[in-house]
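Subject: Structure for your review

Dear colleague,

Please find below the structure that I am handing over to you. I would be grateful if you could read the notes that follow with the structure open beside them.

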Amino acid sequence: MKTTKEVYAGYAVTAAGKTRLKPFQMVVSGVFAGAFIALGGLGSQIASSAVSGFGGKVLGACVFPIGLFLVVTIGVELFTGNCLLTIPVFDRGLQPKVKLSEVLVNWLLVYIGNFIGSLLVALAVFYGGTGKLFDGKLSETAVATANAKLSLPFDQAFIRGIMCNILVCLAVWVAMEAKSVPGKAVAVFGPVMLFVAAGFEHSVANMYFIPLGMLYDNAIGIGAFLMNNLLPVTLGNIVGGAIVVGGGITILNKTKDKK
């Protein structure tokens, strides 16, 4: 295991590598990450469809971390994890320097890629007939999940987005400290399992969950998806990851400015 200070000292190199990818690479890498998170969501829904009640929810929460595990081990670009890119912006003593404009471009292109990857998995699940599993319970679960997320008031979706990305970014950070694949698996499992079990909101996961529900239920509108859920959850994810975790880690480890 690396220490937090060791990861922090080298994080600007990581951030520079991410923000200086070619735009097409950011989008394609984002597509893979979005698909991985969506596959974790699919596994979670299958588990919760197979087992009823509270046990199904807990089991689904234990399956979902496979998505982030694939992201951190394969090394693709996930918007929520990339909220940590604010660290070298906050700490100008880290080298190489990373500009806020570079971070924002990365967020935008990776977000688009994540959306595409998540939608592709939702379409594959729908048109591949996966929703027929367990006598159609998977499709019922998809609609119920989408409606539950869309029923959240703006402020609750925003707060749940903050709480979610605090846990996700902590999982990503600890995974960077781990040197082995099993270590990374352990690092992501606990925080991700907790955010799912607690009902917190992850913008990229919702790019899969809600469109899949829309495919099974035409009454769910795209406007409600974008404005009632994706917008407040995305803003919450930014606050939780970029400000709370990114800012907090910077305060605890800030270097002296090198002019």
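The notes below set out what was found, arranged by topic.

Please bear in mind throughout that this is a predicted model.

Salt bridges

There are four salt bridges in the structure.

In one of them, the side chains of Glu77 and Lys18 meet at 3.0 Å, N to O. Glu77 is located in the loop between helix H4 (66–74) and helix H5 (87–90), while Lys18 belongs to helix H1, so this pair ties together parts that are 59 residues apart in sequence. Glu77 is buried because its relative accessible area is 4%. Lys18 also counts as buried, at 18% relative accessibility, since the cut-off for that class is under 20%.

Another salt bridge joins the side chains of Arg20 and Glu102, with an N to O distance of 3.2 Å. Arg20 sits in the loop between H1 and H2 and Glu102 in helix H6; the pair therefore ties together parts 82 residues apart in sequence. With 45% relative accessibility, Arg20 counts as partly exposed.

The side chains of Asp91 and Lys254 form a further salt bridge, at 3.9 Å from N to O. Here Asp91 comes from the loop between H5 and H6 and Lys254 from the segment after H11, so parts that are 163 residues apart in sequence are tied together. The two partners may be described separately: Asp91 is buried, with a relative accessible area of 0%, whereas Lys254 counts as partly exposed at 47% relative accessibility.

Aromatic pairs

The count of aromatic pairs comes to ten. In the pair formed by Tyr11 and Trp173, the ring centres are 5.7 Å apart and the planes stand at 45 degrees, so the pair is tilted. This pair links distant parts of the chain: Tyr11 lies in helix H1 (residues 4–19) and Trp173 in helix H8 (residues 154–177), 162 residues apart. Tyr11 is buried, with a relative accessible area of 2%, and Trp173 counts as buried at 4% relative accessibility. Elsewhere, ring pairs link Phe64, Phe195, Tyr208 and Phe209 into a cluster.

Helix H7 and its cover

Helix H7 (residues 133–150) has 18 residues, which at 1.5 Å a residue should span 26 Å; the C-alpha atoms at its ends are 24 Å apart, in agreement with that value. The buried residues of H7 are Gly136, Leu138, Ser139, Thr141, Ala142, Val143, Ala146, Lys149 and Leu150. What covers the buried residues of H7 includes helix H2 (23–50), helix H10 (203–216) and helix H11 (222–253).

Asn229 and its surroundings

Which residues does Asn229 touch, not counting residues up to four places away in sequence? They are Lys149, Leu150, Glu201, Asn206, Ile210 and Ala224. Asn229 itself lies in helix H11 and is buried, with a relative accessible area of 0%. Lys149 and Leu150, which Asn229 touches, are among the buried residues of H7.

Ser151 is found in the loop between H7 and H8. At 54% relative accessibility, Ser151 counts as exposed, because the cut-off for that class is over 50%. Ser151 and Asn229 are 78 residues apart in sequence, and their C-alpha atoms are 8.6 Å apart in space.

Leu194 and Cys62

Leu194 is part of helix H9 (residues 181–197) and counts as partly exposed, at 44% relative accessibility. Between the C-alpha atoms of Leu194 and Cys62 the separation is 8.6 Å, although these residues are 132 residues apart along the chain.

A nonpolar surface patch

Finally, Leu108, Ile112, Ile116, Leu120, Leu123 and Tyr127 form a nonpolar patch on the surface. Together they have about 590 Å² of accessible area. One of them, Leu123, lies in helix H6 (residues 100–127) and counts as partly exposed, at 37% relative accessibility.

With kind regards

Notes
Residues numbered from 1 in each chain as written. Predicted model: local features only at pLDDT ≥ 70, side-chain atom pairs only at ≥ 80, totals over all residues. Heavy atoms only, no water. Patch = residues over 30% accessible without salt bridge, like charges linked within 9 Å, V, L, I, M, F, W, Y side chains within 5 Å. Areas by Shrake-Rupley, 256 points an atom, 1.4 Å probe, with all protein chains shown as cover. Helix = DSSP H or I, 4+ residues; strand = E, 2+ residues; numbered from the N terminus. Buried < 20%, exposed > 50% of the residue type's maximum accessible area, 1.4 Å probe, protein only. Phe/Tyr/Trp six-rings, centres within 6.5 Å; stacked < 30°, edge-to-face > 60°. Expected span 1.5 Å × (residues − 1). Contact = heavy atoms within 4.5 Å.
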